[in-house]
Amino acid sequence: MAVDIQPACLGLYCGKTLLFKNGSTEIYGECGVCPRGQRTNAQKYCQPCTESPELYDWLYLGFMAMLPLVLHWFFIEWYSGKKSSSALFQHITALFECSMAAIITLLVSDPVGVLYIRSCRVLMLSDWYTMLYNPSPDYITTVHCTHEAVYPLYTIVFIYYAFCLVLMMLLRPLLVKKIACGLGKSDRFKSIYAALYFFPILTVLQAVGGGLLYYAFPYIILVLSLVTLAVYMSASEIENCYDLLVRKKRLIVLFSHWLLHAYGIISISRVDKLEQDLPLLALVPTPALFYLFTAKFTEPSRILSEGANGH
């Protein structure tokens with residue numbers, strides 16, 4: 001095969017784009033930035049991203065998709081007061097919004113029209129921050145080779161958040177106006193106002209810390225789910241199994257945290273060896289059982305009452 005010979009590319013992410021191919025003859029352009037949907041290979045040629053995302057990539061995308069949903073649910077519960085029916089409908093609407101946003105995002109991503117994406121393999125942390133690796137051959141002129149080496153794991157999250165925001169603004173105000181009549185006018189839309197704050201925060205978080213989150217999200221899930229479960233059980237004064245079973249809402253919260261525990265464990269193990277990793281899921285109920293067995297020694301109700309009295 002005849003390949004056009006040119007000087008080697010400098011920089012970690014600079015590559016040569018294929019300009020012409022005729023049989024065994026390939027002619028490449030000058031060294032520079034790769035087009036969207038491509039990344040450089042070991043020979044510094046831009047190659048299309050044709051691989052399927054790994055399980056870990058899907059788990060990462062699932063984590064980023066869960067963040068706005070969990071925040072929606074938290075603020076809906078926080079501002080809904082005692083109107084459980086209103087909160088339930090808003091929870092369902094938030095789930096519908098995020099689910100539809102995820103489906104639409106997959107449909108508009110390459111290849112368009114199918115619930116499938118093609119991607120480039122994540123090799124190292126620097127793949128997320130190619131803008132930091134633009135070479136300066138003469139220390140004066142910078143060769144700009146910034147592109148999405150982790151295509152589409154970086155930009156697809158922004159697209160998803162945009163669709164979440166649009167669907168929320170289209171659906172939620174009408175729903176809240178219809179069913180949240182028991183709330184004051186200033187309280188009805190507070191969960192929507194909260195979303196207008198946390199969506200920009202999530203966007204900046206992905207823009208700046210996307211690569212760090214990609215490697216750290218399994219541990220973030222485990223730590224946060226453990227902490228929030230302990231806080232919820234202590235705030236609800238759950239000290240035995242009867243306290244846990246007396247309300248359905250408490251069981252829903254418990255099972256939700258168990259799902260998060262399982263999600264984190266699967267993300268860490270990546271289920272490389274199925275027969276070895278699946279038994280780890282038996283650890284999912286352990287934190288709740290440990291709390292119930294040790295609650296009698298710490299007496300959360302006494303601590304809460306003393307805190308309320310200012311002692």
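1. Helix 5 and helix 7 pack with an angle of about 160° between them, their axes lying 8 Å apart; the axes are lines fitted to C-alpha atoms, for helices over the stretch in contact, and angles run from 0 to 180 degrees between N-to-C directions. The two helices are therefore roughly antiparallel to each other, on a scale where angles under 35 degrees count as roughly parallel, over 145 as roughly antiparallel, 65 to 115 as roughly perpendicular and the rest as oblique. Helix 5 passes helix 7 in a left-handed crossing, a crossing being left-handed if the near helix is turned anticlockwise from the far one by less than a right angle, and right-handed if clockwise. On the side of helix 5 the contact includes Phe217, Pro218, Leu222, Leu229 and Tyr232, and on the side of helix 7 it includes Arg250, Val253, His257, His261 and Ile265, where contact means heavy atoms within 4.5 Å. The residues of this contact divide into 14 nonpolar, 6 polar and 2 charged; here Ala, Val, Leu, Ile, Met, Phe, Trp, Tyr, Cys and Pro count as nonpolar, Asp, Glu, Lys and Arg as charged, and the others, Gly among them, as polar.

2. A word on the basis of these points: this is a predicted model, in which local features need pLDDT of at least 70 and side-chain atom pairs count only at pLDDT 80 or more, while totals for chains, interfaces and linings use all residues. Residues are numbered from 1 along each chain as its sequence is written, and side-chain values use heavy atoms, with hydrogens and water left out.

3. Taken as a whole, the chain has 10 helices and 5 strands; helices (H or I, at least four residues) and strands (E, at least two) are DSSP runs, numbered from the N terminus. Of the 311 residues in the chain, 38% are buried, where buried means under 20% relative accessible area, exposed over 50% and partly exposed in between, with a 1.4 Å probe and protein chains only. Among the contacts with a separation of 6 or more, 67% come from residues 24 or more positions apart.

4. Helix 7 covers residues 248–269, and its 22 residues reach 32 Å from the first C-alpha to the last, close to the 32 Å expected at 1.5 Å a residue; the expected span is 1.5 Å times one less than the number of residues. Buried residues in helix 7 include Arg250, Val253, Leu254, His257, His261 and Ile265. Just after helix 7, Arg270 takes a positive phi of about 60°.

5. Helix 5 also packs against helix 1 (residues 55–79), at an angle of about 150° and with the axes 9 Å apart. Helix 1 and helix 5 are therefore roughly antiparallel to each other, and helix 1 passes helix 5 in a right-handed crossing. By class, the contact of helix 1 with helix 5 has 24 nonpolar, 4 polar and 2 charged residues.

6. Another partner of helix 5 (residues 190–235) is helix 9 (residues 286–298), the two packing at an angle of about 35° with their axes 11 Å apart, in a right-handed crossing. Leu226, Leu229, Ala230, Met233 and Ser234 in helix 5 meet Pro287, Ala288, Tyr291 and Leu292 in helix 9. This contact of helix 5 with helix 9 has 8 nonpolar, 1 polar and no charged residues. Leu289 also lies in helix 9 and counts as partly exposed, at 42% relative accessibility; the C-alpha atoms of Leu289 and Asn240, 49 residues apart along the chain, are separated by 9.6 Å.

7. The loop between helix 2 (84–108) and helix 3 (155–179) holds Ser119, which is buried with a relative accessible area of 3%. Beyond its neighbours within four places in sequence, Ser119 is in contact with Cys49, Thr50, Glu51, Ser52, Pro53, Tyr151 and Pro152. Pro152 lies in this loop too, and a cis peptide bond with omega of about -5° joins Tyr151 and Pro152. The peptide bond from Asp110 to Pro111 is likewise cis, with omega near -5°, and Pro111 is placed in the loop between helix 2 and helix 3.

8. Most residues other than glycine have a negative phi, and most peptide bonds are trans. Lys44, although not a glycine, has a positive phi of about 70°. Lys44 is found in the loop between strand 4 (38–40) and strand 5 (46–48), and Lys44 is buried, with a relative accessible area of 19%.
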